[in-house]
Amino acid sequence: MALAATTLTERRAPHQALDRLGLLVALVALAGLLTPFAAFRANRIVPGTAIALWAALPGWETVLTGAVLVGAAALAVVRLSPAARLLVGFAALLVLAIAIGDAARFLTPAGDHLSRTSPGTGFWLLALAFSLLLSDAVARLGLTPLGRLSILAAVVGTVALILESGLWGDLSVLREYANRADSFWREGAAHVGLALGSLAAATLIGVPLGIVCHRVAAVRATLLNLLNGIQTIPSIALFGLLIAPLAWIAAVVPGAAALGISGIGTAPAMLALILYALLPVVANTVAGLAGVPEATEEAARGMGMTDMQRLLQVEFPLALPVILTGIRIVLVQNIGLATVAALIGGGGFGVFVFQGVGQTAMDLVLLGAIPTVAMAFAAAIVLDALVELATPGGRA
Amino acid sequence: MIEIEHLSKSFGNDRAVDDVSLRIGEGEIVAIVGTSGSGKTTLLRMINRLIEPDSGRVLIDGQDTRQRPAYSLRREIGYVIQGHGLFPHRTVGQNIATVPALLGWNKAKMGARVDELLTLFGLDPATYRERLPSALSGGQQQRVGVARALAASPKVLLMDEPFGALDPIIRAKAQTDLRAIQRRLKTTIVLVTHDMNEAILLGDRIAVMDQGRLLQYARPDEIVVRPATPFVGELLGSGERPFRLLSFRPVRDFLDEGEAAGEPIADTMTLRDALEEALWSGRDAVPVADADGRIIGRVTLRTAIAQAARPK
C-alpha cells in the first residue's frame, strides 16, 4: 500500500489523460465493492446469506482492505507505466486473497465444522477486475516468452504459498478439500494422465498423419472430413459410444482386458480424448507444412536434399510453430474435456464436479472446476511461450 | 560441358519443351531467354532433374545425368532461384553451408568455406554469419543465395531469374558482380531470364525460346544483327540496335594512329562508351589509354558511327 501511494505521487502529472481499460477495471471493482463479498451457510447444502465487505471482516481490516482496493481502482484509471500497473494489480489481488481468507476465519464460529463460507459476487468481481488489470499490464509489457513464464511461476508460487500457509483453510472449497485430500491428488494425477497421455498419443499419431495428408492430396480431403465429423459428436455421446466396442474387444481379444482395456474406465476416456485431439493436430500439421514457402521447398530440393532430409531439416522446423499451436489447442481442450471422463469411470477432477452436482454442493463442484481451469490457463501460457520460442526470429 | 540432346517435356497436352538440343561449353555463361510459358524454366530444371524429361537426355562432362540418384546429382550443381529461397530458420552461415553439410564436410572446412564466400560477396563474415536471412536486405539475400549455390564449388551453376526480385540499381550491381565472380571461378552458368538486356549483358551465348522450341542459339552480337525469326527481333526491340552493336565492339580493335585531345578512355571499354564520350564532350576523336595510362591510340567518331550500321 505504501508502494501504491508513492507511485501515485510520483506519477501524477496535470496533463495525464485517463486510461480506458483502467476505467472499466475501476467500474467493475466498484461494483465488486458494493455487492456481497462473501456468502455464509450453516451447512454445505443450504442456501447462503450474503455478507457485505464491511460485515465480513473485523473493523480495522475492513478499512484497510477497502482503502487498498479503492486506491488500486483509482490508480488503474490513471495512466501509469505497465510495470507500475502490474504491481498495482498484483498487490490488489494479494490483499483480496488475504481478505477472503480472513473473512472465512472471521465468519466461521470457532469449532464449527459444518458451516461454510465461500467467496461472494463481490469477491469474484474484484478478482476479475484486478486480474484484467494484471493481464493487460503483462500484455503491455511485451515480455519475452521466458519473462511470461517467470510471471506465471511467480503467480503459481504465490498461490502455493497461500495454500501452504493455511490462510484459506476456512474457505468452503478447502474444507471440501480437507475431507478429500487423498482422492484429490489421486484424481488430479488421473486428470493430468488423461490430458497429457491423450496429447502424446494424438501427437504421435497425428503428426505423421498430417505429413501423409500434406504429401498425398487424396488422403487429405478424406481424413480431414472424417476427423471433422468426429469433432462434431458431442463429448458425452462419444464417451458413451465407445463403451460397447471396447467392452467387446475386452471380452473377445485375448489379453486385451489384462492391458486395461474395458468398456468403462480409462480406456474409452483416453480413446475419446485422442479422437478429439486428432483434428487440431492433423489440421495444424497440414497447415504448417503448406505454409512453408514454395521457394524454400524448391531450394531444398535443388540443393540435393533427399525427401527425408527436406522434411526433417526444412519443412518440419518451419511448420513447428503452427504444429505447436495445434498441440496448444489440444492440451487446453483436453484438460477441459477430461472432466467428462469421470462420467464413464475414467477418473479426473470431473469426479468432484459430478459428485458436487449430485449433492447440490457447489463447493465440491468448484473443487473440481478451479484446478481444471487453472491447469488449462497455465498450459495455454506455457505452450504460447513454446510457440514463440520455436518461431525463427522470435515473433512471426 | 553440358550436352542437351532432344529434350522434350509435356504437362498434359501442353508441350512445355519441344525437342531442344544445346551444347554449353565449359566456363561459358548461357542465357536462356523467353516470355513466360516459353519453357525456359522447364528446360533449366531438367538439367538438375527437378523435372524429369519425357524423352531426350542431358550429359554433363559426357556422363548421362540419369546414371545416379537425382539428389546426388543436384549436390554437384549449384541452383539459384528467384526470391532466393533461403531457409528462414537457419543463419546465413548455415544456409551457405547447406550442400557442404549434405556432403558431410567437417566443421572447420565448412566454417572456412562460409567465411571465404561471404568475403567474396562483400559481406563481412563476423557481421553476417550468424544473422537470420530476414535481417538482410534484398540485395544481401540474393548474394547469400548465390554464395550458397557456390558453396561446394560446383562446376555448373543453374540460375532461374536470379535478379528478378531486385530493384534496378541493385540488379545492375549484382549482374556485374556475378560476371566478375564467374570470370574468377570459371563456373559454367546457365541462366534463365525474360529480360533480353540481361541476357545480352551476361550471356556468352543466348538461347531464345518460344512455345517450347529453341528459336535461336548464338552469340549476343549475332542475335542483335541477325535475329533468326521475327519473334527474336521483337524480344530485342528495335530502339537501341546500333548502340547494342557498338557495345559488343572493344575499342582496342578499332584504334588508329592520329592525335586526339582531352581525357583518354580505358582500352577495356567498348565503342559505345567511346561514342558517348565523344558526343558528350563535343570531340571528333577520343584518346585511348592502356592499364598503365599510356596513350595507345585514338578512336574517331567516324569509326564508331561506321561500326553502328547494320552489317551487310
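Biologist: Which strands form the open sheet in chain A, and in what order?

Modeller: Please note that this is a predicted model. In chain A, three strands form an open sheet in the order β2-β1-β3, with antiparallel pairing. The twist from one strand to the next averages 30°.

Biologist: Why is one side of β2 and of β3 of chain A left without a neighbour in the sheet?

Modeller: β2 (49–51) and β3 (116–119) of chain A stand at the edges and have a single partner strand each, so one side of each lacks a neighbour in the sheet.

Biologist: How many bridges join β1 to β2 in chain A?

Modeller: Three bridges join β1(A), residues 38–41, to β2(A), and the two run antiparallel. Within β2(A), A:I51 stands opposite A:A38.

Biologist: What else is A:A38 in contact with, beyond its neighbours within four places in sequence?

Modeller: Its contacts include A:I51, A:A56, A:I100, A:L107, A:T117 and A:F123. A:A38 is also one of the residues that touch the most other members of the largest nonpolar core, together with A:L273, A:V282 and B:I32. That core has 186 residues, and its largest share, 15 residues, comes from helix α13 (residues 266–290) of chain A.

Biologist: Turning to helix packing, how do α9 and α15 of chain A cross?

Modeller: The axes of α9(A), residues 181–215, and α15(A), residues 307–337, come within 10 Å and cross at roughly 145°. The crossing is right-handed. Among the residues making the contact are A:L199 and A:V207 of α9(A) and A:I327 and A:L331 of α15(A). By class, this contact has eleven nonpolar, three polar and no charged residues.

Biologist: And in chain B, how many residues of β9 are buried?

Modeller: Six of the six residues of β9(B), 205–210, are buried. B:R205, B:A207 and B:M209 point one way from the strand, and B:I206, B:V208 and B:D210 the other way.

Biologist: Which strands are joined to β9(B) by bridges?

Modeller: Four bridges join β3(B), residues 29–33, to β9(B) in parallel, with B:A31 and B:I206 as bridge partners. Five bridges join β9(B) to β10(B), residues 213–218, which run antiparallel. In the hairpin of β9(B) and β10(B), two residues lie between the strands, and B:Q211 takes a positive phi near 50°.

Biologist: Lastly, how many residues of chain B are in contact with chain A?

Modeller: 19 residues of chain B are in contact with 15 residues of chain A. The elements giving two or more residues to that side of chain B are α2 (70–74), β6 (77–81) and α4 (98–102) of chain B. By class, this side has nine nonpolar, eight polar and two charged residues.

Terms used:
Residues are numbered from 1 along each chain as its sequence is written. Chains are lettered from A and ligands numbered from 1 in the order in which they are written. This is a predicted model: local features need pLDDT of at least 70, side-chain atom pairs count only at pLDDT 80 or more; totals for chains, interfaces and linings use all residues. Two residues are in contact if their C-beta atoms, placed from the backbone, lie within 7 Å. Ala, Val, Leu, Ile, Met, Phe, Trp, Tyr, Cys and Pro count as nonpolar, Asp, Glu, Lys and Arg as charged, and the others, Gly among them, as polar. Two strands pair if DSSP finds at least two bridges between them. Axes are lines fitted to C-alpha atoms, for helices over the stretch in contact, and angles run from 0 to 180 degrees between N-to-C directions. A nonpolar core is a set of buried Ala, Val, Leu, Ile, Met, Phe, Trp, Tyr and Cys residues joined through C-beta atoms within 7 Å. A residue is buried if 20 or more other C-beta atoms lie within 10 Å of its own, exposed if 12 or fewer, and partly exposed in between; C-beta atoms are placed from the backbone. A crossing is left-handed if the near helix is turned anticlockwise from the far one by less than a right angle, and right-handed if clockwise.
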